[in-house]
Amino acid sequence: MEITSSFPACAVVGRGRLGRALAGALRSAGVPVDGPLGRGATGGDADVVLLCVPDAEIADAAAAIVPRAGRLVGHCSGATTLGPLAPHEAFSLHPLMTVPAAGADFTGAPAAVAGATDRARALAEGLATTLGMTPFAVADDDRAAYHAAATMASNYLVTLEWAAQRVGAVDRAVLAPLVRATVDNWAAHGPHAALTGPITRGDEATVARQRDAVRRRAPELIELFDALADATRTLATEAAEVPA
C-alpha cells in the first residue's frame, strides 16, 4: 500500500468523543471509514486502523487487530510511545485540541505525529493534513513531556480558573474577559511581556494580603497559591533580565 492523495480504507476503534469525531471528520473529508467500532475490533478489511481508546487500553486494542501485510495501526494518545502497538507497523496522531461532547472541527489544530517507519509517519502526516491540521513531530522520548505541557496549558488552566472562582466568589463571566485577554497577550508577545500584576511590580505587601484572603476564603487552595506565586516570582525575575 502506498500513501497517495487518496487514502485507503480506514477503521476507527473507540466510540468515545475522539473516536466519533475523527470517524465523522474523516468520512466528511472523503476517506472511506469503518466505525467507530467497539473495543476488541479486529480491523476488518481496513488497511489503516486508528485506535481512539484510553492509554491503558492501547496495548489490548492493538493486540486484537489482526496483523497483515501492509496494514498500519496507530493510536491517538499524546503521552504514549509507539511501543504498545507492536508488532504492527505503527504510527500516532494526537490532535492538540479539546474534543467536547458535541463534536469537533479539527481545522487549524496542530497534531503531534510519529511513525515507526517513513511510510507510517507519512500516513500520520497525511491524515492530519486531510483533516486540516498542521502536523509536527514528537519523538518517543519526548512524549510524556509534550503531553505534560499540553495538560498544563489546557486542563490545569481550567483548574486554575475554578480556583479563581472559589477564591473570588464571582461568576466565570466576570473573569472570562480577563482570561481571554491574558491568553491573547501571551500568544502574541510571550510570557515575559505578558506578565502583569503585583509580583512583577515587586508589591509583596499586596501579595501578602491576597494570601491572607485565600487562607480565610479557601484554605485548601493556599498551597496552590503559594506555588503559583513562587513560579511567578521566577518568571518576573526572568522578565526583568530580558532586554526591552
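Leu235 lies in helix α10, which spans residues 222-241. The model described here is predicted. Leu235 is partly exposed, because its relative accessible area is 22% and the buried class ends under 20%. Beyond its neighbours up to four places away in sequence, Leu235 touches Pro191, His192 and Leu195. Ala122 is 113 residues from Leu235 in sequence, and the two C-alpha atoms are 39 Å apart in space.

His75 presents another setting. This residue belongs to strand β4, residues 72-75. Its relative accessibility is 0%, so His75 counts as buried. The side chain of His75 reaches the backbone oxygen of Thr81 at a distance of 2.9 Å. Residues up to four places away in sequence are again set aside for its contacts. The residues touched by His75 then include Leu50, Leu51, Ile58, Phe91, Leu93 and Arg143. Thr80, Thr81 and Leu82 are also among them.

Nonpolar side chains come next. In soluble globular proteins, such side chains tend to be buried together. The largest nonpolar core in this model has 29 residues. Within this core, Phe91, Leu93 and Met133 touch the most other members. Two or more residues come from each of β1 (10-13), α1 (17-28), β3 (48-51), β5, β6 (110-115) and α3 (118-130). A second, separate core holds 17 residues, including Ala11, Val13, Val73 and Ala114.

β5 and β6 pair in the antiparallel sense, over five bridges. Ser92 has Ala114 in β6 as its bridge partner. The pairing of β6 with β7 is parallel and runs over four bridges. Here Ala112 stands opposite Phe136 in β7. From β6 the chain crosses through α3 to β7, and this β-α-β crossover is right-handed.

Helix α4 covers residues 143-153, and its buried residues include Arg143, Tyr146, Ala150 and Thr151. Viewed down the axis of α4, the buried residues fall within an arc of 135°, so they line one face of the helix. The face turned away from this buried side carries the exposed residues Ala144, Ala145 and Met152. Among the elements covering the buried residues of α4 are β4, β5, β6, β7 (134-137) and α5.

Some backbone details remain. Most residues other than glycine have a negative phi, and most peptide bonds are trans. A cis peptide bond joins Gly35 to Pro36, with omega about 15°. Pro36 lies in strand β2, residues 33-37. The bond from Ala86 to Pro87 is also cis, and its omega is near 10°. Pro87 sits in the loop between β4 and β5 (89-95). Ala169 is not a glycine, yet its phi is positive at about 55°. The loop between α5 (155-168) and α6 (172-189) contains Ala169. Ala169 has a relative accessible area of 58%, so this residue is exposed.

Notes:
Residues numbered from 1 in each chain as written. Predicted model: local features only at pLDDT ≥ 70, side-chain atom pairs only at ≥ 80, totals over all residues. Heavy atoms only, no water. Buried < 20%, exposed > 50% of the residue type's maximum accessible area, 1.4 Å probe, protein only. Polar contact = N/O pair within 3.5 Å; in protein donor to acceptor, adjacent residues only side chain to side chain. Contact = heavy atoms within 4.5 Å. Core = buried A, V, L, I, M, F, W, Y, C linked by side-chain atoms within 4.5 Å. Arc of directions from axis to C-beta. Pairing = 2+ DSSP bridges. Right-handed = clockwise from strand over helix to strand, strands pointing away.
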